[in-house]
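Reader: I am new to protein models. Could you help me read one?

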Amino acid sequence: MSVRSSQHARHLLLGEYRGLLSTQSKAMPGFPFGSLAPFCLDALGRPLILISRIAQHTHNLKADGKCSLLVGERGVDDVQAAGRLSLLAEATQLLDAEEIAAAATRFYRYFPASQDFHLIHDFDFWKLMPVRWRYIGGFGSVHWLEHVERANPFAGDSESSMVEHMNADHATAIAHYVQLAQLPGNEPAQMVGIDGEGFHLRIGAALHWLPFAAPCETPGQVRQALVELAHADAWPTPKSPGDE
């Protein structure tokens, strides 16, 4: 397996925000049950979902937490040539109050409408604990991967502070990022998440992940990267570990 393939798999996970959640049917034992689920990543880089207590997939997960999540590359005409990533996981409901609060803070930024579902209706947060990953990058590029998830160095107050600052004081810079990346949509973009490798913008209901030119380990490095992008004429090509 090449380092580049591993990076492509990770960027695919970061770049998507909805996937096919397959659970083991309780009503029809032995059959998989598929449903679409929006997700974002938690502080440790694991997919986080918010699902209704009365939904079929929730009943399935309560009976057996073994599941899979499939995400595929968007905007590709040839499905077989597109990148896709399957996560085999153990789903666990969040029960700790602090963990739920942290999940809600991040999830609400990505999916604002979810706040009403969570607070008014019977929805709960679940995390998908990775067991193994299967990445297909097109014809001839097929790999089993052990670790695609990666902890977010800014998760929590640091990320929230940076996101709030960018949205409140740097709307012009965010609009420039949208233009550089040629993102679709007519509504103003909002920054909703920052990780060590890039950041997420939300335009309407759509989410887009944009990579930094090089990984960032401190808020100071993030600030420098965002300032450089605000003055860039083209989006930089991210540095691959295999290029070093």
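This is a predicted model: local features need pLDDT of at least 70, side-chain atom pairs count only at pLDDT 80 or more; totals for chains, interfaces and linings use all residues.

Reader: How many disulfides does a search of the whole structure find?

Author: A disulfide is a covalent bond between the sulfur atoms of two cysteines. Here the search finds zero, where a disulfide is a pair of cysteine sulfur atoms within 2.5 Å. Take C67: its closest cysteine sulfur, in C40, is 16 Å away, so a bond is ruled out by distance.

Reader: Is C67 buried or exposed?

Author: C67 is buried, at 9% relative accessible area (buried is under 20%, exposed over 50%, partly exposed in between, with a 1.4 Å probe and protein chains only). C216 is also buried, at 5%.

Reader: What is the phi of Q182?

Author: Most residues other than glycine have a negative phi. Q182 is not a glycine, yet its phi is positive, about 55°. Q182 is exposed, with 70% relative accessibility.

Reader: Which residues lie nearest the centre of the largest pocket?

Author: They are H11, G15, E73, W209 and P211, among 20 lining residues. By class, the lining has 10 nonpolar, seven polar and three charged residues (nonpolar: Ala, Val, Leu, Ile, Met, Phe, Trp, Tyr, Cys and Pro; charged: Asp, Glu, Lys and Arg; polar: the others, Gly among them). A pocket is an open set of points on a 1 Å grid over the protein atoms alone, where a 1.4 Å probe fits, with protein on both sides within 12 Å along at least five of seven lines; lining residues have an atom within 4 Å of a point.

Technical notes: Residues are numbered from 1 along each chain as its sequence is written. Side-chain values use heavy atoms; hydrogens and water are left out.
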